[in-house]
Amino acid sequence: MLYGYAGKILKIDLSSGKHSIENTPQKLAEEYLGGRGFVARLLYDMIEPGIDPLGPKNVVVIATGPLSGHLLPGSGKTHFGALSPATGGYGDSNLGGHFGPNLKYAGYDCLILTGAADRLSTLVIDNDKIEIFAEDKLQGRGAIEAEKDLKDRLGEEFQILTIGPAGENRVVYACISHDFGRQAGRTGVAAVLGSKNIKAIAVRGSGNIPVFNPKAAQKKGEEMYKVCFSKPGFKTWTPYGTASITGWANEVGAFPTRNFQTSYADFHHKINGQAIIDRLLVTDKGCFGCPTPCGKYGYTKTAVGSAYVEGPEYESIATLGGSCCLEEIEEVAYANYVCDQLGLDTISAGVVVSFAMECFEKGVLSAEDAGREISFGSLEDVVYLLEKIAAREGIGAILADGVKTAAAAFEGGSEKYAIHVKGLEWSGYECRNAPGMMLSYMTADVGAHHNRSWALGYDVSQSDADVSELIEAGAGGPMEISSPDGKVDHVISMQHSRPLYDTLGICRLQTMEIGFETIHYEEVFELIAGRKITWQEMLFISERIWQLTRQFNVKHIEGFGRSWDYPPERFMEEPVASGPNKGRFIERKILDNMLDEYYEKRGWDENGVPKPETLAYFRLV
Amino acid sequence: MKLKVKEEQCSGCNVCRVVCTLQNFGAVQPSQALLRIKGRFPEPGTYQIAYCNQCGDCADACPEDAIKEKNGEYNIDYDLCTQCLLCVDSCPLEVMVVTEAGYPAKCTGCGKCVKLCPRQAVLADRDARGS
């Protein structure tokens with residue numbers, strides 16, 4: 001008995017419509033735990049090199065973790081992965097809500113989709129009954145609208161994933177939507193679902209998950225909630241959620257503004273967490289098992305349109321607010337809503353739109369190219385571009401492939417304005433004064449994403465303070481130049497600890513934001529799964545997964561290596577235009593030194609390729 | 001313990017439902033929880049909590065007089081229950097369930113949902129008799 005797990009893997013061949021169910025292999029559970037570990041291992045084993053990410057040979061893996069669905073804080077997480085159409089390499093993303101727990105209650109740890117349906121379809125997993133039906137009426141419908149339609153048709157107890165028109169049209173940064181405002185946004189897994197003609201996946205789970213010691217696990221779970229309730233950040237951080245960091249990000253000069261031309265927005269106080277509470281909030285909205293709901297569900301009214309919308313989260317504030325210069329929280333929220341309905345990742349979409357705006361500002365794009373004049377700060381222009389992108393119409397047909405591809409098409413020096421790593425747009429932290437955070441973005445397996453290692457707090461404070469403590473402390477005066485010394489070790493450590501939450505199927509925010517201790521997860525794991533594994537041992541597994549995703553990129557991206565690990569030239573050559581870090585940038589030679597040290601400590605060669613002995617050590621060959 | 005709710009406080013996390021099934025059935029199985037949460041999205045963005053208000057309709061429906069009131073709470077006497085499930089059908093809030101063994105189950109007033117709700121959305125009704 002694999003305690004803690006549902007115990008089965010559901011595999012569906014969409015081309016034939018046939019499915020098979022197999023036991024979750026004990027070896028897979030022991031060596032990769034679940035979630036991100038299952039995604040990485042299964043994708044590595046199943047995807048052949050040289051395939052089209054948007055062809056039927058790509059594979060989508062949706063995996064829960066051993067702690068998903070249990071009584072403990074933040075147990076609502078689900079991991080998604082595929083060969084990324086944005087980068088051509090390893091792609092994954094994660095969301096909260098209620099889907100993963102219900103997949104486990106239906107009996108499955110993991111769902112694997114291969115092949116492609118011959119027409120747009122919805123996949124329904126109703127416990128042991130699996131059905132795929134044609135979904136013509138939802139073609140072109142918004143992701144939120146489609147979820148509502150399916151809830152009404154199937155029933156409240158179904159948990160539903162949908163894609164919007166952007167996913168149907170294979171925009172490489174299309175997102176998977178769930179629970180009216182939760183998204184698996186990054187790396188374009190929704191475009192892969194679109195290429196497989198899957199508009200929605202609905203699950204109803206009525207069963208239970210076997211627990212080794214239910215009474216003791218319940219007692220421990222209750223204790224874990226009470227520990228969360230006792231943390232100071234429980235009361236100070238929760239009301240604002242992730243948006244609480246907006247002010248701090250500006251104080252320390254890390255807020256991407258005007259397509260990352262600068263790192264401070266003088267209007268930040270109008271688009272922060274307090275503005276959400278004062279001007280938008282209808283209710284706090286939590287994921288499954290969450291004691292600290294960061295979801296802020298609200299209503300926004302603008303000259304362009306009005307809508308109910310969850311968010312904006314900090315990342316959407318940074319990219320749609322800061323990078324596109326939308327100066328009012330209502331405007332940021334409305335742009336967020338448009339992204340949600342179209343099924344676009346707000347991070348990549350915000351950066352792509354601000355890239356187009358800078359191209360126009362600098363004369364790379366004309367009004368004729370763009371279809372009209374476009375400028376920073378205009379909500380109308382943001383919505384115009386988002387709609388064009390989702391439909392792949394006009395300029396949107398080029399922007400739909402991301403800034404890296406668009407810059408190659410636009411030419412005229414526009415690659416300077418394309419803010420990405422490996423083809424994935426940069427998320428919400430500017431780091432021309434943050435070498436640790438810069439290295440985090442450079443070396444993240446999926447491209448420029450913050451969640452693998454958020455070293456910015458360490459760059460600023462040289463401590464392991466949680467976010468609520470960082471906000472409390474503030475910048476503490478003028479920003480000093482942040483040294484690269486000691487940052488490599490910290491980044492490596494975070495690249496194991498943060499993705500471990502995605503592997504266990506839980507939310508990291510209770511630890512990262514309010515200081516919840518990891519020892520609790522170690523203890524509850526033993527009571528749920530019936531085997532002892534220390535946090536350190538779990539970190540070793542996380543390191544194994546890190547090595548595997550690097551090797552995945554070596555396997556799938558032709559010529560992959562060091563040259564894929566650099567930030568855009570802007571961050572190495574162009575001084576920050578204003579704010580606390582005005583005039584600063586990090587020279588390439590400093591980043592070269594950091595990369596050398598990073599590769600050596602990782603057991604990779606000087607080109608960043610894992611050495612055979614490293615792969616052998618982690619039992620990857 | 002008799003319950004009351006403040007729906008405007010609810011964030012839909014379902015912690016109450018998970019601890020309910022662990023406490024009452026020793027299982028992680030929210031589909032069997034003795035209270036339900038419905039999110040009303042995309043609009044108006046609110047939650048409804050269906051919970052046992054100890055109305056006694058189940059007791060009225062029971063032909064065996066197996067559901068008895070004590071201090072304002074109704075509990076099932078499983079020695080008398082014949083598994084007819086008329087009580088489950090009679091529950092106006094649909095917060096009774098049928099166990100795997102085929103018996104009806106209702107809120108026992110254990111109060112675990114109250115203790116663990118992160119939002120104070122499910123509360124003890126201190127004004128109620130026996131709470």
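Begin by selecting Ser348(A), Val351(A), Val352(A), Phe355(A) and Cys359(A) in helix α13(A), which meet Gly402(A), Val403(A), Ala406(A) and Phe410(A) in helix α17(A); two residues are in contact if their C-beta atoms, placed from the backbone, lie within 7 Å, and helices (H or I, at least four residues) and strands (E, at least two) are DSSP runs numbered from the N terminus. This is a predicted model, in which local features need pLDDT of at least 70 and side-chain atom pairs count only at pLDDT 80 or more, while totals for chains, interfaces and linings use all residues. Residues are numbered from 1 along each chain as its sequence is written, and chains are lettered from A and ligands numbered from 1 in the order in which they are written.

Now show both helices whole, residues 346–361 and 402–410 of chain A, whose axes come within 9 Å and cross at roughly 20°, the axes being lines fitted to C-alpha atoms over the stretch in contact, with angles running from 0 to 180 degrees between N-to-C directions. The two helices are therefore roughly parallel to each other, a term for angles under 35 degrees.

Next, move to chain B and select strands β4 (residues 67–70) and β5 (residues 73–76), which run antiparallel and are joined by four bridges; strands pair if DSSP finds at least two bridges between them. Lys68(B) has Asn75(B) as its bridge partner in β5(B), and in this hairpin, with two residues between the strands, Asn71(B) takes a positive phi near 55°.

Finally, select the contact between the chains, which takes 22 residues from chain B and 31 residues from chain A. On the chain B side, helix α1 (residues 15–25) supplies the largest share, five residues.

Conventions:
Parallel < 35°, antiparallel > 145°, perpendicular 65-115°, else oblique.
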